[in-house]
Amino acid sequence: MTQGSETTPPGRQTLDSVLRRFEQCAHDAPEAGALIAGPDRLTYGQLDARANRLAHHLLAAGLPEQGLVAVGTARQPELVVALLAVLKAGATYALIDVADPHTGQRQLTAIRPDAVLTDGAHHPRLDDGRALRFIRLDAEAAAIAERPADRPTPATRERSTAALVFTGATAPRPVPISHPLLLAVCDSWAEVAAPDPGDRHLITARPDVTAFAAGWPRALCTGGALVLAERGPWSTQSVRSAVEANAVTVLHTDPAGAVRLLLGDRPQAPGTPARAGAPDRSLRMVTVTGDRLYLDEHAALHARLRPGARVLALYGTTESAGIGTWFEPSRLPGPPAAPERLALIGVPFPGCRADLREGQILLTPPDGGDAIPTGDLGLLRADGLLEFRGRLRDRITVDRDHLDPHHLESLIRGHDGVGSALVADARDDDPDKRPRVGARGLVAYLAPPPGPPGGRLPDVTALRARLAGEVPVEHLPRTVVPLSALPRDRAGREDRTALPRPARPGDPARAARGAGKYAGGGGETLSPGCATGCVVFALTLVALALTGAFWPGSTDLTGVPAPWAALFFVLYVFEALAFAVGVVFLFGGGARMRRHGQGRALTRAAHLAVVYLLVAWWPQDNLYRLAAKHDWPRQAALVYTFNIPLMIAGAVVAFYLTRKPAQAAGTDD
């Protein structure tokens, strides 16, 4: 964008950052709409003034040169005001997820902010005891409102890093995004999408995800309005209402969000009418990022929009601020033969590069930085388009040969009644080891297409018959698990770690773990919570029944008067209940603890420590009640078998919970 001297605000000479691009829009059209959140409206002039006041407040509070400010608030207009204010104060912003307190705490632990902008409701959740400087936007609203509305003077303090954007949720890793990169991404996207100042943009990603944290300039640096869904951008109904009520023209979402909004949700029970996602006539463009988008999905989305509307599939990493390549069907030389098997990521954005090295995609961002290994596999087609071929981290070893499940999943999608598919190993594996197919082979997780229910999902026999001759016999799935929808993570990617495990014959514990919230079927399987509760209840009854066999007389309450007898009986029940919970946690807790990203040895020690903290009370108390107080050998055995190990177990758990999470190596697409 070229700036003319007639429109240059006083004191500005160049538009060299997204902040100054926003300020130019506020100077040129101060009455134009900037933020829309339900009944709340802010013009560019109002948004600029509020950001200026908060920036003055940050500086008056002692924000150091080139400081780092964490922003965590559920009030979305305040969140946008805050990130602009941080940039105006010459600092770096990091958006924190407060909708999920556990994720927000991990994100805050991964950085060392000079200040935390939040509100009273979220302050206690984010305060981790590190004596961080908290600025409560609600409690200090009056003081902020009294600050000057002009831009703060320390414009020269603007640091090279504009934002820290997080990858992952279990072990968030902060990625620095520079001012030049943020501006180059904005310009590169504008060249492809041709935004209009009259556009109204809605981003469905959570604020801390790259699509929002680095994508807001698409609206506020092009003169458009940023629409914020009132009940959270991850609520389909909230997004649908925001699109319809505010005549949204540009929707930025992920594949699952686009499908739910435009193609409708599947009914929850037979005979229930489908909630059809009627094509909104206001939408002129939908950008889809976060995961692969097959060509048949692309065509289905496009068919739900008005004539001339565009559907752009965007591909990028957090390190490239969310862009790298783009695709729309008009770039194809002709209709593809099997669109349900093809996922294209297209051509590089202007200023970007996409290279292949041993089949892996490397992206060079538009600011000319270093090439970024994505961990994704690709193929350059004869028509010049880049085809997505899977991810290195999903690779499975089958008889010393590598299987990239994307190819098999694409073939499965060609089966009638299959809308989406994931293929995984049937065995529980340590997450830091490359999966190797065990005796039970591959599992195909199948979900139906969106919309009203159609045909049944295929069983394993039908699926293997369909795939016969297209893949080697050893690559044929041995099990099929039907799901209502594939699980996805916060960034919209298919989440293989959340797939339910198939049940082994005669293994009720595994069956309980496998009956996940995504499982479909006719209600013959229990939910995870219900199944686990049944197992705990059964084990509690077993423990109570065996108490008399192991320690005769230890729970005899005949000589204890009321109400003390009843109270002591409750204690005995709790001991048995804790033992039951510990047994269940022994077999089912380890895999979940590994998701925290800590080392294997520490995780195993903490897992066993939690088990011991739960199971030890049942034998310890019963033995203690039977031990004579002068029986010194037995007293010493009790102390060194239970008391001291329980203390050690508690210390191990405390160390595990307070240790800084391991940094994840992956990136957000």
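Helix α13 (residues 405-412) lies across β22 and β23, at about 140 degrees to β22. Contact requires heavy atoms within 4.5 Å; axes are lines fitted to C-alpha atoms, for helices over the stretch in contact, with angles from 0 to 180 degrees between N-to-C directions. Helices (H or I, at least four residues) and strands (E, at least two) are DSSP runs numbered from the N terminus.

The model is predicted: local features need pLDDT of at least 70, side-chain atom pairs count only at pLDDT 80 or more, and totals for chains, interfaces and linings use all residues. Residues are numbered from 1 along each chain as its sequence is written, and side-chain values use heavy atoms, leaving out hydrogens and water.

The open sheet has three strands in the order β22-β23-β24, with mixed pairing (a pair needs at least two DSSP bridges). β22 (420-425) and β24 (479-482) are the edge strands, each with a single partner, so one side of each lacks a neighbour in the sheet. From one strand to the next, the twist averages 25 degrees. β22 and β23 (residues 442-447) run antiparallel and are joined by six bridges. Asp425 stands opposite Leu442 in β23.

## Helix α17

Glu575 belongs to helix α17 (residues 564-594). Glu575 has a relative accessible area of 4% and is therefore buried (under 20%; exposed is over 50%, partly exposed in between, with a 1.4 Å probe and protein chains only). The C-alpha atoms of Glu575 and Ala616 are 8.6 Å apart, at a separation of 41 residues along the chain.

Phe574 is also in helix α17. Its relative accessibility is 54%, so Phe574 counts as exposed.
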